[in-house]
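Here's a quick briefing to read with the model open beside you.

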Amino acid sequence: MNAPALFSTRSLELQARVREFMEAHVHPNEETFHREIEAAENRFSTPPILETLKARARDEGLWNLFLPPDADPGPRYGAGLSNLEYALICEVMGRVEWAPEVFNCNAPDTGNMETLARYGTPAQRKEWLEPLLAGEIRSSFAMTEPDVASSDATNIRSSIVREGDQWVINGHKWWATQAPRAECRLFIFMGKTDPDAARHRQQSMVLVPRDAAGIEVVRPLGVFGYDSAPVGHGEVRFTDVRVPAGNMLLGPGRGFEIAQGRLGPGRIHHCMRLIGVAERAIEDMAERARTRVAFSGPLAEKGALRHALAECRIAVDQARLLTLHAAHMMDTVGNKAARREIAMIKVVAPRMACRVLDQAIQVHGALGVSPDTWLAAAYAHSRTLRLADGPDEVHLEALAKLELRGSRES
């Protein structure tokens, strides 16, 4: 009996086309991208080369590939790929940090678009989802706060208070990705509507236009000295910001429910992009080892380096298989039932990427820690994901609880 195909012919075709596009258009323009950022009057505005590549990708049908079918029945907006099918495409995009936006598949817009597709009203989707899908605007997700441990989202202090036909929003947020960006037009804001409700029913999410009165982007935040331009991460204050009552997502007290739905596929995306990063690091490490001579011979002949390279290959393939397994579980049994596998990849993939990048940096010597290669910036970004998508400790605790229950129940 033949096993069912895990990948459709169309998904394999899209994967090949994205790879070809990356090789033909993205990699050759990496230097141009960074040169335009450095020359820009506003580093947090989209450089011309990115707009050019986005238009080309859209014309070629390589656009909005990320929405899973359960969030997009029809399909109406996305490519109709499963999490498993999209995962391998995501790996290819991940080889260049800014490449996902070329295909309108970049975070946090993907998570925000999926949130609007799943939970938005027709009016909300018309106003915000459609321009996001068209790549006409960018968006931000405002949850993390500087004054509390936001790894436990029940700690958030920001408030969302009903006054007549409006919600009044007050809060201090940071690490709001794309908040400094010139094209950012929307915040999805998480705050408390009822501090006295049950612990996971206190929070709500509301749509906040970027140009609403009372919003101050205090500063862009650097990560190990990198500002991630043109995307950026911002510290933002919301002071008596007023939005219509119709801007509430799903309903008061349902913010945690939305957050869990939003973080499902996004976790796969981050992990597979990190695997693409690690694959590129291995390639560069091997090339450096073949061409660099030290102590009377190429580095490739040194036993310690050869073993390190082999260990990196093992680590990357292990992480990929575990991530693909999690994607398959999400497709077949659902995000909730796959929470064990999701927790594992959230620990494994960033750790693996940091380990491989660290070894690649070591092989490149002083060059590896300089801005003359992509490695140092990639390490900074990868290390951040051990916090940004939930710290390792949270995922390990979740895993431990499941193991101590001694069952595989959903």
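Helix H1 (residues 9-26) and helix H3 (residues 48-59) bring their axes within 12 Å of each other, crossing at roughly 150°. Keep in mind that this is a predicted model.

**H1 against H3**

- With angles over 145 degrees counting as roughly antiparallel, H1 and H3 are therefore roughly antiparallel to each other.
- The crossing of H1 past H3 is right-handed.
- On the H1 side the contact is made by Phe21, His25 and Val26, and on the H3 side by Leu53, Arg56 and Ala57.
- Sorted by class, the contact of H1 with H3 has four nonpolar residues, one polar and one charged.

**H6 against H7**

- Next up are H6 and H7, which pack at an angle of about 145° with axes 10 Å apart.
- This time we're looking at a left-handed crossing, H6 with H7.
- H6 brings Asp109, Met113, Leu116, Ala117 and Tyr119 to the contact, while H7 brings Gln124, Arg125, Trp128, Leu129, Leu132 and Leu133.
- The class tally for the contact of H6 with H7 is eight nonpolar, one polar and two charged residues.

**What happens around H7**

- Which residues of H7 are buried? They're Gln124, Arg125, Trp128, Leu129, Pro131, Leu132 and Leu133.
- The cover over those buried H7 residues includes H6, strand E1 (138-142), E4 and strand E5 (203-209).
- After H7 comes Gly135, with a positive phi near 75°.
- Thr121 sits in the loop between helix H6 (109-119) and helix H7 (122-133).
- Thr121 has a relative accessible area of 33%, so it's partly exposed.
- From Thr121 to Gly246 is 125 residues in sequence, but the C-alpha to C-alpha distance in space is 8.9 Å.

**Aromatic pairs**

- How many aromatic pairs does the structure hold? There are five aromatic pairs in the structure.
- One of them joins Trp174 and Trp175: the ring centres are 5.8 Å apart and the planes sit at 50°, so the pair is tilted.
- Both tryptophans come out partly exposed, Trp174 with a relative accessible area of 25% and Trp175 with 33%.
- Phe187 and Phe238 also form an aromatic pair, an edge-to-face one, at 5.2 Å centre to centre and 80° between the planes.
- That pair ties together distant parts of the chain, with Phe187 in strand E4 (residues 184-192) and Phe238 in strand E7 (residues 233-244), 51 residues apart.
- Are Phe187 and Phe238 buried or exposed? Phe187 is buried, and Phe238 is buried as well.
- Zoom out a bit and ring pairs link Phe187, Phe189 and Phe238 into a cluster.

**His269**

- Where is His269? Look in helix H8 (residues 255-291).
- His269 has 3% relative accessibility, so it counts as buried.
- Leaving aside residues up to four places away in sequence, His269 touches Phe66, Tyr86, Cys90 and Thr110.

Technical notes
Residues numbered from 1 in each chain as written. Predicted model: local features only at pLDDT ≥ 70, side-chain atom pairs only at ≥ 80, totals over all residues. Heavy atoms only, no water. Axes fitted to C-alpha atoms, helices over the stretch in contact; angles between N-to-C directions. Helix = DSSP H or I, 4+ residues; strand = E, 2+ residues; numbered from the N terminus. Parallel < 35°, antiparallel > 145°, perpendicular 65-115°, else oblique. Left-handed = near helix turned anticlockwise from the far one by under 90°. Contact = heavy atoms within 4.5 Å. Nonpolar A, V, L, I, M, F, W, Y, C, P; charged D, E, K, R; others polar. Phe/Tyr/Trp six-rings, centres within 6.5 Å; stacked < 30°, edge-to-face > 60°. Buried < 20%, exposed > 50% of the residue type's maximum accessible area, 1.4 Å probe, protein only.
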